[in-house]
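Reader: I want to learn how to read a few features of this model. Please show me the structure, then take my questions one at a time.

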Amino acid sequence: AKVPKAASLASNVAKVHATVEVHGTGVVRLPADGVRILATLQLRMPSLKEAVAEDERRATKLEQAWRDLKLGRTQIRLLDQQLQAVRQFDANQAAVDIHDLPVIGYVAWRLYLIEITGLPAEQLHQAAQKVHNVALQEGAIPGVLPAPTPWGQPLVALAQPSTDGAIVPAVGYFLANAEAAYSQALKKAKENALTKITALYGNQAPVRMTIQEINLAAERAPDPYQVYGQPAIIPTPQSGLERQPSRSAEIEVVAVVKVVCEY
């Protein structure tokens with residue numbers, strides 16, 4: 001067999017590509033365009049007729065009270081509504097079919113989403129607090145209570161607004177055009193990554209370059225809203241970029257890219 005010359009070996013080594021991988025982060029901070037607040041209205045009555053009538057009466061009064069606040073552009077959405085028969089559980093007859101247990105009342109339950117826009121970002125906090133206060137005055141709960149079960153309302157630790165005026169959970173500030181803000185952050189992330197490449201290799205052109213977006217939203221919890229310390233799956237009108245709405249009226253949009261260059 002023919003033995004390769006030393007020069008040929010050196011040439012092969014020289015052809016081995018160097019690969020460098022860097023990450024770039026882009027951040028855009030913008031004032032919020034609006035705020036979304038969740039609120040729960042529920043009641044329990046002895047009969048179905050009473051529960052339906054009282055639920056409708058209180059819901060009408062609550063919704064009108066929110067409208068009377070005249071806070072910018074206010075949209076009130078009923079996300080979910082349930083009417084649950086409450087049955088008397090007997091531990092001594094745990095095997096009995098649930099439908100055979102006596103009905104001892106009815107729970108009416110509504111989950112609202114109030115969206116406020118058309119106000120300066122610095123006024124959104126106060127607007128959300130006013131929505132909370134009206135909810136409490138009308139017998140609703142600012143935030144989310146789990147839907148009732150055949151045994152009544154699950155026990156949860158209720159959180160009330162603090163004395164310093166801080167907003168309770170289930171509030172999210174948002175941008176009207178989150179896609180545009182994210183595009184800006186993505187552009188900055190790419191520029192920052194390429195700056196790192198230039199610092200390492202100067203203006204040397206790579207043989208191949210790949211730029212990959214890192215999807216931070218997919219790594220987060222599926223929903224940011226809290227049921228007083230418990231995760232809640234709430235069908236809020238959000239884009240994929242708003243899976244974690246801001247708790248501040250100044251929203252920080254972050255994008256990350258990975259750049260791989262071969263030389």
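Reader: Which residue takes a positive phi just after H2?

Author: Lys-70, at about 50 degrees. Before we go on, note that this is a predicted model: local features need pLDDT of at least 70, side-chain atom pairs count only at pLDDT 80 or more, and totals for chains, interfaces and linings use all residues. Residues are numbered from 1 along each chain as its sequence is written, and side-chain values use heavy atoms, with hydrogens and water left out. Lys-70 has its positive phi although it is not a glycine. The residue is found in the loop between H2 and E3. At 69% relative accessibility, Lys-70 counts as exposed.

Reader: How are helices, strands and burial assigned here?

Author: Helices (H or I, at least four residues) and strands (E, at least two) are DSSP runs, numbered from the N terminus. Buried means under 20% relative accessible area, exposed over 50%, and partly exposed in between, with a 1.4 Å probe and protein chains only.

Reader: How many helices and strands does the protein have?

Author: Four helices and ten strands. Along the sequence the pattern is α-β-β-α-β-β-α-β-β-α-β-β-β-β. Of the 263 residues, 37% count as buried.

Reader: What span should H2 have?

Author: The expected span of a helix is 1.5 Å times one less than its number of residues. H2 covers residues 48–68, 21 residues, and should span 30 Å. Its end C-alpha atoms are 30 Å apart, which agrees.

Reader: Which residues of H2 are buried?

Author: Start with the general idea. An α-helix has 3.6 residues a turn, so residues three or four places apart point the same way. In H2 the buried residues are Ala-51, Asp-55, Arg-58, Ala-59, Leu-62, Glu-63, Ala-65 and Trp-66. Seen down the axis of H2, they fall within an arc of 155 degrees, so they line one face of the helix. The arc is that of the directions from the helix axis to the C-beta atoms.

Reader: What covers the buried residues of H2?

Author: The cover includes strand E2 (34–45), strand E3 (73–87), strand E4 (103–117) and helix H3 (121–137). Contact means heavy atoms within 4.5 Å. Across the protein, residues 24 or more positions apart account for 83% of the contacts with a separation of 6 or more.

Reader: How does H4 read by the length test?

Author: Helix H4 (residues 178–201) has 24 residues. It reaches 35 Å from its first C-alpha to its last, close to the 34 Å expected. Its buried residues are Ala-178, Ala-181, Tyr-182, Ala-185, Ala-189, Ala-193 and Ile-197. Their cover includes E1, strand E7 (208–214) and E10. Just after H4, Gly-202 takes a positive phi of about 65 degrees.

Reader: How many salt bridges does the structure hold?

Author: Side chains of opposite charge can pair when their charged atoms come close. The test for a salt bridge is a side-chain nitrogen of Lys or Arg within 4 Å of a carboxyl oxygen of Asp or Glu. The structure holds eight. In one of them, the side chains of Glu-252 and Arg-29 meet at 3.0 Å, N to O. Glu-252 lies in strand E10 (residues 250–262) and Arg-29 in strand E1 (residues 19–31), so the pair ties together parts that are 223 residues apart in sequence. Glu-252 is partly exposed, with a relative accessible area of 45%.
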